[in-house]
Amino acid sequence: MGHITNAKEEIYQALAERLSKTPEGALINEDLMAILHRLYTESEAIVGSKFPLLPMTLDKIASITGIDEKELKMILDGMSDKGLVLDIPRKDSFYYMLAPMLVGFFEYTFMRAGDHATLKELAELFETYFHRDGVMNEVAGINTKIMRTLIYESLIPVAVETEVLDYEKASIIIKQSGGGAISMCACRHEAAHLGKACDAPVDVCMSLGGAAEWIVRKGLGKPATVDDLLKVLKQTQELGLVHLCDNVLNKPTYICNCCGCCCKVLRGINEQQVFATHPSNFIPSLELESCLGCGFCVDKCQIKAITMTDQGKGLSVPILNNDVCIGCGVCSAACPSGSLTMSRRSVLYVPPRNGREKLRRVAMEKGR
C-alpha cells in the first residue's frame, strides 16, 4: 500500500516540477501539492507531468507520453474543460499547452460557478499558497512583469496626448481587438468564498480577441461586443478600479478591473510589497496651492501609495510614494479640485511585442 501511495505522490511531484519550469513558474510547497491533488485526477497529473514546454499537436503529445491518441484526447478534453490545458485551434488541428498557475488555472477555476464546498476549499488553499514566502515573487517576475497598468485615458494631458501610443490606451486596445468576452473576476469570486469580497461588481473581467474565443468556448464567459467592453471600462472607472492588462505591446489577451482588497496582484503590493504589474508611463503630480486637503485621493488609492501629512496650522496634504505608485490615475480622477494631475514619466516603458516575447524575456531573467 505504501508503495502505491509513494508512486502516486511521485506523479504529482513530477507535475509540480513541470509547472515550476514554466516561465511564470510555480513555487513548490505543500499548499501547491494540495491544490494539484484537488484539481488534477491521477491520469491528468501523469499527462501534465510529461507535457512539452511548447504547444504541440495531439499526435506529438501522444508520442511523448506513450498514451494512445484516442485515450489522450479524452484526457486532454477533460483537462481543457477544467482550465488545466489550453486547446488552441490552428487551421484543421488543435495545439495543446499546459496552463500555468497565474495567469492560468487559478483564474479558470474561479471564473466559473461550481460546487460551493469544492470552490471554498480551493479558495482557502490558494489564499494560503499565495501568502507563502517567495510565491508572489516567483509569479511577479524580475524585470518583465506578467501585467501592466493602464492609465485612465481622460487624465492624459493634452500636451502629450499625441505622443501617447495605442498600447497605452485601454479603449484603443479594446477597439483593435474587435470584441471579446466578459467573465467573472476570479479574484473577487475567490474572495466571496472566503467571506472577504468587497462590493465591486464581479462580471467585469475582459478577455480580448482570440483568447476570448477560448473563454466563450469553455463556458467561462459570455461574448461581448466592443461597445459592451467599453461600457465595462467606463463602469469600472466610475468605481475607481484599476485597469491591468497583459504586458504585451500587440493584441493583449485581457484587461482586468482590480481592487486592492481582492486582486491577487494589487494585494501582492499591499501585503507583500511585490509588484506583478508594470507601472503606466504616467505618475501623479500635486498642485499644492489648489489642494483642499480632503483626503479623497488617499481613500481611493487601491495600493496605499498616498498618505496625508500634517503641514501644521490644521493643513494636511497628500504625499505620494513614487516607489509604490503604478500610475493608474484613480487618485487624480477622484480629486475634486483637480490638484492631482497625471504627468509623463521621464523614462517610458515599452512592453514586449507579444506573448511569446514576454515569456522568453521572463524565462531568460529567471535562468530557464
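Guide: Start with a definition: a residue is buried under 20% relative accessible area and exposed over 50%. Keep in mind that this is a predicted model.

Visitor: Which residues of helix 11 are buried?

Guide: Helix 11 spans residues 209-217, and A212, W214 and I215 are buried there. Now the general idea. An α-helix has 3.6 residues a turn, so residues three or four places apart point the same way.

Visitor: Within what arc do the buried residues of helix 11 fall?

Guide: Look down the axis of helix 11. The arc is 155°, so the buried residues line one face of the helix.

Visitor: Which exposed residues does the face turned away from the buried side of helix 11 carry?

Guide: That face carries G210 and E213.

Visitor: What covers the buried residues of helix 11?

Guide: The cover includes helices and strands. Among them are helix 5, helix 6, strand 2 (85-90) and strand 5 (180-183). Strand 6 (205-208) and strand 7 (221-224) also take part. After helix 11 comes G219, with a positive phi near 75°.

Visitor: How do I read a helix pair? At what angle do helix 4 and helix 5 cross?

Guide: Take the angle between the axes first. From 65 to 115 degrees counts as roughly perpendicular. The axes of helix 4 and helix 5 cross at roughly 105° and come within 10 Å. The two helices are therefore roughly perpendicular to each other.

Visitor: Which residues make that contact between helix 4 and helix 5?

Guide: Helix 4 gives L58, D59, I61, A62 and T65, while helix 5 gives E69, L72, K73 and L76. By class, this contact has five nonpolar, one polar and three charged residues.

Visitor: And helix 2 with helix 6? At what angle do they pack?

Guide: Helix 2 (residues 30-39) and helix 6 (residues 101-110) pack at about 50°, their axes 13 Å apart. They are therefore oblique to each other. Their crossing is left-handed.

Visitor: Which residues of helix 2 and helix 6 meet?

Guide: L32, I35, L36 and L39 in helix 2 meet M101, F105 and T109 in helix 6. The contact residues divide into six nonpolar, one polar and no charged.

Note on methods. Residues numbered from 1 in each chain as written. Predicted model: local features only at pLDDT ≥ 70, side-chain atom pairs only at ≥ 80, totals over all residues. Heavy atoms only, no water. Axes fitted to C-alpha atoms, helices over the stretch in contact; angles between N-to-C directions. Helix = DSSP H or I, 4+ residues; strand = E, 2+ residues; numbered from the N terminus. Parallel < 35°, antiparallel > 145°, perpendicular 65-115°, else oblique. Left-handed = near helix turned anticlockwise from the far one by under 90°. Contact = heavy atoms within 4.5 Å. Nonpolar A, V, L, I, M, F, W, Y, C, P; charged D, E, K, R; others polar. Buried < 20%, exposed > 50% of the residue type's maximum accessible area, 1.4 Å probe, protein only. Arc of directions from axis to C-beta.
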